[in-house]
Amino acid sequence: MFTIALLIWTLIMGMDFAISPEGMLFPRESETREILRLDGIWNFAVSPMLDPLVGFRQYWYKNDLSKIDGLEVHLMPVPSSYNDITTRMDIRDHVGLVWYDRTVFVPESWAKEKRVVLRFSSVSYAAQVWVNGKLAMNHEMGHLPFQKDISPLLNFGGSNRITVACDNTLLQDTVPQGAVREANTDQGKKLVQSYTFDFFNYAGIHRPVVLYTTPLVYIDDITVRTDVSGTTGLVFYSIGYPLNNNVTCIVILLDKFGNKVAGADGFGEGALKVPDANLWWPYMMHSEPAYLYTLQVELRNIQGELLDIYRQPIGIRTISWTNTSLLLNNRPVYFHGFGRHEDADIRGKGLDLPTAIRDHNLIRWVHGNAYRTSHYPYADELMDLADQFGIMIIDECPSVDTDAFSYRLLEKHKDSLSELYRRDKNHPSVIMWSIANEPRTQTETAGQYFGEVAKHIKELDDTRPITIAIARGVNEDKSGFHLDIISFNRYNAWYQSPGRLDMIVGNIVDEATAWHKKYNKPVLISEYGADTMAGLHILPDYIWSEEYQVGVLSDHFKAFDKLRAKGWFIGEFVWNFADFKTAQTYTRVGGNKKGIFTRDRQPKAGAHHLRKRYSLLSAELYNISIPSDLYQYLALPVARDEL
């Protein structure tokens, strides 16, 4: 009966999102918009695992959690995952509902001619939100934002309570999928969550929470697409706002110094021409990479008074692809990057800006130029950093190990891509959409399913290629027909033939060649690597040692260079950037250790080795100078007298 209660809760989340398909502009302060950040310490309580709906029966959302008799309340930082904050195993491994609340004072001035929007950047997995005891919104889908105009629910000039019920349960029709069962323990029956993906199912309010204002006549959405004609940049824009004959939409494009380079007045749709445009280039592909313009959008009334203003950073660049190449600004791209996770000690998947900046600095130190947001969308703030650092992104929706295909799952899968597109469509760093990671693509049903998913994202955006990180073998896969780029994950000398470094080169070359022969499309390897315990040294190379990770990398490099010579192999993504936490299993020592960096972002020997590879690739591909510290001083050249 307890599992049924959880199923009912999940169905409630899926029945009515209560959120219109409006724009999802990132909250930015301006002359017409204010932001009140709600990050900080919230009250936190855990529903009994076997009575998950008690909070609904007892109307916890109508009261301050800290004042409910008999309820154990903890202090919880937001944003963060709740799992590793306390010292309690039952909280770390909790399955089902938890509750958050806090109070906030809303200025009286916000009641005048304003909308007040409550935005959550991510709550995993499903959330229900109340304001002052009144239901405000539901959302199902971790890792993606949701928001609602809550003006009618607020006490302006007074205290307001925001309550969130968060459910981390994963089932066969959630994205990603999972299963829940009852288990008998020494303490009685408990719920156990299982899932096949190889990372910990962190939960909670993972990203910032804000209240922000807009005027009543406001800019709801901005869609930007760019192209290049010779040296002229083309910026096509569509602005969403309430249509009104008394409102004029003014669009101004500013360079990075704030100088106007183009502009137009009208009704929200048009194109701007930018002579001698500075294009958005990835790190190392240009002397001035990651160039960003600002698209300033203004709404004014017939008297010329400013109604609303929003500034959207954009990059001017164009993407195209053939059956052998992906081209950025008509120049072939070779990806040398990483698979990653949003994962750090204590905070779990909670946004942590010091870690985010450290990660992007390390990516540039290694001379990487790309990463995949494996296996879910990353925070808005990380996408902004990628734009600014010039790091190319393969943007992945939260579908992992997809199986048990159903119509309900398909609709949620498409919803996840719609929400991802709505959030990330204007980021120049987003080069490709990944519609799944390691799905079970060996059946005809899977082929039909991913045909529908691919069609959906193509209808939203035909300017970027799509891919799947495929794990099935080339002879059994049914999904590649629907893709533009073939990406495959393969762990030679680890999951396949462990310990056999001498079997890497031939296997990788043969498989990549078979993928291209089957689908006649560009191919990249989206995952390869080996678990490595930092500080474990064994000579000769032995599995789990730092020497073995270096050996695995080296032999893959040999294969990649053979494949690069064929002309259709376009990238290599090591798994993983840094060690990360997984579910408890005897195959994982404290988590997945395939990182070239430790979980606290310190380099293993593999990081130094990969840096040499990526630096030499960059010197070859982009003619950059090799870092002066790439090789340490050894000795002066030895002078020899020839006999």
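First, the ground rules. Residues count from 1 along each chain as its sequence is written, and side-chain values use heavy atoms, with hydrogens and water left out. Because the model is predicted, local features need pLDDT of at least 70, side-chain atom pairs count only at pLDDT 80 or more, and totals for chains, interfaces and linings use all residues.

Now the background. Most peptide bonds are trans, and most residues other than glycine have a negative phi.

Start with the prolines. Where does Pro79 sit? Pro79 is in the loop between β3 (74–78) and α3 (89–92). Helices here are DSSP runs of H or I, at least four residues; strands are runs of E, at least two; both are numbered from the N terminus. The bond from Val78 into Pro79 is cis, with omega near 5°.

Next, Val175 and Pro176. Their peptide bond is cis too, and omega is about 10°. Pro176 lies in the loop between β10 (158–167) and β11 (179–185).

On to the aspartates. Asp276 is not a glycine, yet its phi is positive, about 50°. Look for Asp276 in the loop between β19 (269–274) and β20 (293–301).

Asp401 also has a positive phi, about 55°, and is not a glycine either. Asp401 falls in the loop between β27 (392–396) and α6 (407–424).

Are these two buried or exposed? Asp276 is exposed, at 59% relative accessible area. Asp401 is buried, at 8%. Buried means under 20% relative accessible area, exposed over 50%, partly exposed in between, using a 1.4 Å probe and protein chains only.
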